[in-house]
Amino acid sequence: MSRRKNLRPVAQLTIPTWIFLALVVLIPFFYGVYISFLNINLASFLPPSFVGFDNYQNVLAASETWSTLRITLIITFIGLLTQIPIGVLLALVLHENLRGTRIFRSILITPMLLTPVAVGLTYRFMFDTDLGVINWALGNIGLEKINWLGSQTSAFFAIIIVDSWQSIPFVMLLVLAALTAISPSLYEAARVDGASTSQILRRITLPLITPTLLVITMIKIMDFLKLFDTLFILTRGGPGNATTTLGLWTYKTGFVFLELSRAAALGVIITIITLPVYFLWRRASRGVR
Amino acid sequence: MILKRGLSYTLLFVASFLSLFPLFWTISTSIKDRVDTYSLPPKFFSFAPTLKNYTSLFSLEKFWQIYSNSIIVTLGSTLICLVIGILAAYALARKPRFRGRTSLEGLMIAVRALPAIVLLLPIYKLSSYLGLYDSKLGLILIFAGFNIPFAIWLLMSFIEQIPVEIEESARVDGASTLKMFTRIILPLAAPGLVATGIFVSLLSWNEFLIPVIMAGENAKTLPVLVASFISNRTLDWGPMAAAATVALIPIVLLTVVIQRWLVAGLSSGAVKE
């Protein structure tokens, strides 16, 4: 049997996958670009016409585009600063392999598996100003009631809390995998040389998990750009547009204001924003293992 | 040791408490009477459990239709992901180089990277031409498309664990590619298929953005129903918690079963193996 005969069927095995990915990614993407040059409004019965770059001009001139982009960046920034340190800390503690670690790991993973919509609903109940268990607990330690979802700053925190609750396990798992990959002989050698725990952490552990932290950062940036379910349940982007991210704004433009073409232009802009992160991720993930 | 042992345990216990409390709170709210739900201080254990919230949830018009929609769409898309995913995963795991490999991997990462809303706007428009709007078939196909990359990444890691030597010796014995695939790869990858199936069905079960855009009254799924409680002005937390519990319980049960493979699944795609 010749070599070639063995190789050809292998590429064919990917054809069904190609078809599905073409259906949900390739075709929609190019069709989306096409739509962004028309003037489709879902409420209008007029046949769409070609408008060139009008949608892009409108979108780039609209203050909402920039304010929702700013909100996305703020949430991303605070979110990263919250989730990565806590995730690393938990991974370090799990990595000590204390008795019961496996059970703790199973418990700590649970939040990331749960239906985000249901989680959002539960938190919304817990954040309730008068009846919520969170304000009750705060009251017990002598703090004022917070109208969590009523103002921009506190709503930011509420969103970060819920997203962190669901996302920290992901950070923790990836860091844990990176920690497990570090050879124990490195630690032993350092200890023989008389290195202190904090020296080992700073000189060995942190540098060796940095590539993983970079990958996590890229993935998390993309996930914050995608953030939808919890936002939708907790605040719907409100009060007003105070917690509307660029992704949610695209949804609102397309399916609340029914400006499909303008939303498609926003989609293209989001894609362009995602591109550098996408390439950095591909590069960074090659460095891991 | 980074922290003192006592401090480590304190941290683990606090984190575990915070991880489980919302789940506990949802379930306990779902079996509370109205009066107990709204009582202050909150009642954690001292209340008489009731199934009232569930009866009112189950008597909702269309509840069972929505529930069966969720199950059908989840099973259908998972099945597609497994059948198609195992083929592609085999190719990607076994052959380092073939035509279109790099573009295929690029597309798979694009699904993970791009916000789904970007793709769903055009998909929404296209599907109304194809008559797939508000249909279970439409949802099954779209869910499958979005979840296939995860299935492939996960299945690849299982296939890579099967020694190549087994296949080589089968080939020497004259087995065809098809025979080798059905007789050797499939049985050996069976645990991987189960784990991947459960993981992918979790993704479908939890999915909200796709059905909220692509489903009207007929194909509505459970997360859309759960979310719809919010838009009612009269917030009634009991039935809401019951709906959330109905969505969450299957997940909790399944994850107990797949504990072993969970870690690989949850980090799939993030790290190149």
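This is a predicted model: local features need pLDDT of at least 70, side-chain atom pairs count only at pLDDT 80 or more; totals for chains, interfaces and linings use all residues.
The contact between the two chains draws on 92 residues from chain A and 99 residues from chain B. About 9,000 Å² is buried between chain A and chain B, and carbon and sulfur atoms give 78% of this area. On the side of chain A, the residues that lose the most area to chain B are Phe20(A), Leu113(A) and Phe125(A), which together account for 8% of what that side buries.

One of these residues, Phe20(A), also takes part in a contact between helices of the two chains.

With a relative accessible area of 0%, Leu119(B) is buried. When its neighbours within four places in sequence are left aside, Leu119(B) is in contact with Val24(A), Val25(A), Pro28(A) and Phe29(A) of chain A, as well as with Leu114(B) and Phe146(B) of chain B.

Within chain B, the axes of helix H7 (residues 136-159) and helix H10 (residues 190-206) come within 9 Å and cross at roughly 150°, and the two helices are therefore roughly antiparallel to each other. The crossing in which H7(B) passes H10(B) is right-handed. H7(B) contributes Phe143(B), Asn147(B), Phe150(B), Ala151(B), Leu154(B), Leu155(B) and Phe158(B) to the contact, while H10(B) contributes Gly192(B), Leu193(B), Ala195(B), Thr196(B), Phe199(B), Val200(B), Leu203(B) and Ser204(B). By class, 11 nonpolar and 4 polar residues make up this contact, with no charged residues. Helix H12 of chain B (residues 222-231) is mostly covered, with 8 of its 10 residues buried; among them are Leu222(B), Pro223(B), Val224(B) and Phe229(B).

In chain A, Ile221(A) is placed in helix H10 (residues 197-226) and is partly exposed, with a relative accessible area of 27%. Although Ile221(A) and Leu73(A) are 148 residues apart along the chain, their C-alpha atoms are separated by 8.9 Å. Apart from neighbours within four places in sequence, Ile221(A) is in contact with Thr76(A), Leu80(A) and Val277(A).

Most residues other than glycine have a negative phi, and most peptide bonds are trans. In chain A, a cis peptide bond, with omega about 0°, joins Gly238(A) and Pro239(A), and Pro239(A) lies in the loop between helix H11 (229-234) and helix H12 (246-256). Arg236(A) is found in the loop between H11 and H12 of chain A, where its phi is near 55°, a positive value in a residue other than glycine; at 35% relative accessibility, Arg236(A) counts as partly exposed. In chain B, Lys62(B) likewise has a positive phi, of about 75°, although it is not a glycine. Lys62(B) is placed in the loop between helix H3 (52-58) and H4 of chain B, and at 29% relative accessibility Lys62(B) counts as partly exposed.

Definitions and conventions: Residues are numbered from 1 along each chain as its sequence is written. Chains are lettered from A and ligands numbered from 1 in the order in which they are written. Side-chain values use heavy atoms; hydrogens and water are left out. Axes are lines fitted to C-alpha atoms, for helices over the stretch in contact, and angles run from 0 to 180 degrees between N-to-C directions. Helices (H or I, at least four residues) and strands (E, at least two) are DSSP runs, numbered from the N terminus. Angles under 35 degrees count as roughly parallel, over 145 as roughly antiparallel, 65 to 115 as roughly perpendicular and the rest as oblique. A crossing is left-handed if the near helix is turned anticlockwise from the far one by less than a right angle, and right-handed if clockwise. Contact means heavy atoms within 4.5 Å. Ala, Val, Leu, Ile, Met, Phe, Trp, Tyr, Cys and Pro count as nonpolar, Asp, Glu, Lys and Arg as charged, and the others, Gly among them, as polar. Buried means under 20% relative accessible area, exposed over 50%, partly exposed in between (1.4 Å probe, protein chains only). Buried area is the accessible area (1.4 Å probe) that two parts lose on being put together, summed over both.
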